[in-house]
Amino acid sequence: MTRTTITKLCRTRLLATIWLALLACLATPAAAKEGGVTVVRSRALPAAVLPGTGTPVLIAIDGQPVAVRGGRAAVLRDDTRWDTVSAAGSETALGGVTDGRHGALLLGSAGRIDRAAMATLDGGALRLRALAPLPAALTSAQAALLPDALPTALVVAGIAADGTPRMLRATAGHAWRAMAGWPGGGAPVALAARGDALFLTVRRSAGDRQMRWTAKQGWVGRTAAPGPVVAGSSRAIGQAALLYMVGSGRDIGWYSYSTITDAWAPLGLRLPRGSATAPFGNGIVAIGADGAASAAELELQQRALGWLDWAIIITYLAGMLGIGFYFWKRSRMGSTSEFFLGNRAIPFWAAGISMFATNTSSISYLAVPAKAFDTDWQYLMSKIVTVFALMAVAFWVIPLFRRLNLVSVFSYLETRFHPVIRMLSSGLAILMHVGGRMGVVLFLPALAIGTITGTNVILCILVIGLCTIVYTALGGMKAVIWTDVFQVIVLMSGAIFAIAFIVHAIGFTQIYDTAMQFDKTKLVNVSFDFTTPTLWGFIILYTFDTILTFPKDQVLMQRVLSTSSEKQASRSVWFFAAILLPAGILFYIIGTTLFAYYRANPGRLDPLLPIDAVFPSFIGTELPHGITGLIIAGLFAAAMGTLSGTINSVATLLSVDFYEKMRRTPPTQKQAVRFAEWMTVLVGLVGVGIAIILSRMEIRSLLDLTIELFGLLGGSCAGAYTLGMFTVRANWQGTAIGIVGASLLTLFAWIFGLVHPYFYLAIAIVASIVIGYIASFFFPPPSAEQIDGLTVFTGGGRKGRADIEPERLA
């Protein structure tokens with residue numbers, strides 16, 4: 001394909017994208033939609049029969065509601081009947097606490113709680129396991145079970161006999177540890193745990209007050225409920241919401257409270273006063289003093305795509321496949337040089353855009369806005385540090401590697417050290433990309449499409465994955481890079497229109513005021529608490545991640561190596577740096593504007609949504625047809641750009657570092673190309689399988705998961721490049737010891753949770769450098785001839801090696 005042809009294609013694609021976007025904008029409303037999106041389904045349940053009078057204590061164990069009164073318990077079986085069972089020791093139960101899976105009873109007399117017991121179902125009986133007596137009896141007691149710390153992670157809040165607020169937590173030894181009491185007084189009404197935070201509602205003469213407690217911030221005031229909260233009615237749901245009964249007299253309604261936006265929204269359900277509630281499915285079960293019971297559950301809503309949406313999506317997918325077929329037809333059974341490197345004829349700007357497309361995956365398109373929605377802009381520091389680090393890469397790293405005319409970046413490690421180091425590092429890199437990236441970037445857009453339309457997530461994974469596999473296997477590197485160029489246009493257009501819609505809906509002033517009120521644009525955290533993402537952590541991590549790991553990143557380096565010269569290669573990195581930060585800011589703006597939008601319209605945020613699905617849900621429920629299709633195409637673009645580059649690069653490593661090295665005789669051109677094509681298909685299918693596995697798991701932040709996996713799998717071999725480029729004493733034996741030692745040390749930090757996952761990569765790199773360098777002194781140093789031209793001190797990367805031939809390609 002000539003440069004003129006490429007230019008015409010780019011212009012045509014750009015004009016088509018703009019035309020479709022403008023057409024979609026014609027349907028843009030002038031204001032945000034009113035009303036809620038959550039649908040509540042309620043139904044009557046059989047009545048429970050229990051001895052005694054008064055409202056039963058209601059908990060849930062393993063999803064089964066259990067009503068306790070008069071020393072007996074009734075268990076709801078299959079929504080059709082209540083089975084009465086014995087409950088020895090429950091006669092003094094004054095209250096209960098449950099998270100739907102585990103339950104506990106609060107025991108005492110005369111309205112004072114003095115002990116607690118964990119409850120389990122054992123055949124025909126409710127068994128109680130007593131905890132240590134409370135150090136002081138409490139009135140108005142409320143309790144919560146902390147997630148992921150059972151069976152004794154019970155927190156109780158109440159008022160002591162002297163009138164002081166008391167917070168107590170049961171420890172592993174069943175003893176009670178005092179926690180900081182809430183300020184301002186007031187009697188507890190409801191207590192709920194959400195992640196690492198506790199949410200407490202207290203009643204004072206001036207009205208109810210809502211507060212949040214975390215270990216790092218202590219007590220912080222939050223927005224109070226729109227009415228009095230019914231005692232003990234709180235429960236956690238989804239990943240970031242709480243449900244409450246709110247009101248007085250006969251006017252008691254069901255409300256959701258977003259722990260992120262700090263906003264309340266009515267759910268449109270009324271319950272009789274005096275009912276006890278407990279978690280049940282995606283809602284609650286309620287029971288009154290007469291035993292009458294009912295259930296209410298939330299339903300996640302989707303909106304089907306319109307014809308304009310489907311037209312945009314199908315046109316996009318057809319275009320990507322068409323590019324793959326075009327390059328396959330032009331270079332059918334071409335050389336491996338063409339398949340892996342595009343014959344080293346890629347323009348610098350296209351290589352730079354392709355690097356950006358690979359870097360800006362569906363993780364950036366969905367998980368980064370979700371992170372900004374959930375927290376603030378602190379993670380943006382990673383982009384800022386990366387831009388500065390890329391300058392060093394363009395000056396020091398690129399000249400050295402481009403002059404060596406590599407295909408696999410790990411062949412440098414063979415030349416500098418030993419074939420063992422090359423294969424070990426290449427193997428770790430393959431695991432990192434396949435296990436830590438491909439599945440995530442493929443699962444995220446599938447999750448988005450499933451959230452928007454109700455389409456099966458696995459089906460979406462298969463469509464996106466198989467389409468990407470086809471055009472990557474057919475067209476090789478040229479198809480990957482030129483589809484990346486088109487995909488960036490689609491991706492950025494969708495992001496810009498999403499921001500424009502929110503600004504149009506609620507106004508820039510409201511977005512700005514909300515962001516300032518909640519400090520949503522906080523950028524720098526100078527704390528030395530290394531369990532949090534601090535400025536120092538970003539500087540350490542992304543200095544290492546960019547300067548020291550860029551050389552071993554086959555996905556990025558393969559684009560650099562596809563350019564025609566050293567000068568063009570350096571320019572591609574500069575171009576990548578120039579567009580990285582503005583685009584990164586754009587994704588954080590999406591998260592902040594989403595926060596402002598749902599803060600202003602709390603009823604539009606579904607409590608059942610995972611945090612990573614907030615942006616796709618907004619796309620599906622708020623945007624008009626046409627823009628929805630455009631942004632879904634952007635989601636496809638984000639995933640397919642990263643996925644295609646990763647598939648091609650991993651196939652390259654398997655071919656060059658393993659297949660060609662392990663064969664007794666060099667493969668023919670036909671054999672090499674055919675193997676690369678089959679590896680492209682195989683690697684793509686493995687990524688599809690991992691994405692399907694992720695779809696069956698519940699993960700709060702896929703961005704954090706990706707960072708964690710990259711640190712565990714990708715840091716240790718990065719140190720080998722540092723030892724190779726920046727030292728003259730390191731040898732292959734010491735480097736191998738450093739790689740293994742760093743991997744074990746990082747695994748130890750992960751198992752025991754010693755630091756924030758952001759530091760895993762830095763730990764692995766530093767450890768591999770230090771251990772590898774020290775270990776090298778126990779073995780002979782490399783000769784001066786061996787390292788000539790391979791370090792920044794021996795030629796500085798500015799001269800070639802006459803004895804090193806360019807890596808052979810068929």
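In the predicted model, helix α15 (residues 627-662) and helix α16 (residues 669-695) approach to within 8 Å between axes and cross at roughly 130 degrees. Axes are lines fitted to C-alpha atoms, for helices over the stretch in contact, and angles run from 0 to 180 degrees between N-to-C directions. The two helices are therefore oblique to each other, given that angles under 35 degrees count as roughly parallel, over 145 as roughly antiparallel, 65 to 115 as roughly perpendicular and the rest as oblique. The crossing of α15 over α16 is right-handed; a crossing is right-handed if the near helix is turned clockwise from the far one by less than a right angle, and left-handed if anticlockwise. On the α15 side, the contact (heavy atoms within 4.5 Å) comprises Ile 647, Val 650, Ala 651, Leu 654, Ser 655, Tyr 659 and Glu 660. The α16 side contributes Gln 671, Ala 672, Phe 675, Ala 676, Met 679, Thr 680, Val 683 and Gly 684. By class, these residues are 10 nonpolar, 4 polar and 1 charged, where Ala, Val, Leu, Ile, Met, Phe, Trp, Tyr, Cys and Pro count as nonpolar, Asp, Glu, Lys and Arg as charged, and the others, Gly among them, as polar.

Helix α19 (residues 732-752) packs against helix α20 (residues 760-776) at about 145 degrees, with the axes 7 Å apart. This crossing is right-handed. Residues of α19 in the contact include Gly 734, Gly 738, Gly 741 and Leu 745, and those of α20 include Ile 763, Ala 767 and Ile 771. The contact of α19 with α20 divides into 12 nonpolar, 8 polar and no charged residues.

Helices α9 (residues 457-506) and α10 (residues 508-517) pack at an angle of about 100 degrees, their axes being 6 Å apart. That angle makes α9 roughly perpendicular to α10. Ile 502, Val 503 and Ile 506 of α9 meet Phe 508, Gln 510 and Ile 511 of α10, a set of 5 nonpolar, 1 polar and no charged residues.

Across the chain, the secondary structure amounts to 21 helices and 24 strands, defined as DSSP runs (helices H or I, at least four residues; strands E, at least two) numbered from the N terminus. Of the 810 residues, 58% are buried, that is, under 20% relative accessible area with a 1.4 Å probe and protein chains only. Among contacts with a separation of 6 or more, 70% involve residues 24 or more positions apart. Helix α14 (residues 614-622) has 9 of its 9 residues buried, so this helix is largely enclosed by the rest of the structure; Phe 615, Phe 618 and Ile 619 are among them.

Two strands are taken to pair if DSSP finds at least two bridges between them. An open sheet of 4 strands has the order β1-β24-β23-β22 with antiparallel pairing. Its edge strands are β1 (39-45) and β22 (276-280), each pairing on one side only. Neighbouring strands are turned by 20 degrees against each other on average, direction ignored. Within this sheet, β23 (residues 283-287) and β24 (residues 293-299) are joined antiparallel by 5 bridges, and Ala 286 has Ser 294 of β24 as its bridge partner. Elsewhere, β4 (residues 72-77) and β5 (residues 81-86) run antiparallel and share 6 bridges, with Arg 72 partnered by Ser 86. These strands form a hairpin with 3 residues between them, and Asp 78 in the turn has a positive phi of about 55 degrees.

Residues are numbered from 1 along each chain as its sequence is written, and side-chain values use heavy atoms, with hydrogens and water left out. As the model is predicted, local features require pLDDT of at least 70 and side-chain atom pairs count only at pLDDT 80 or more, whereas totals for chains, interfaces and linings use all residues.

Technical notes. Buried means under 20% relative accessible area, exposed over 50%, partly exposed in between (1.4 Å probe, protein chains only).
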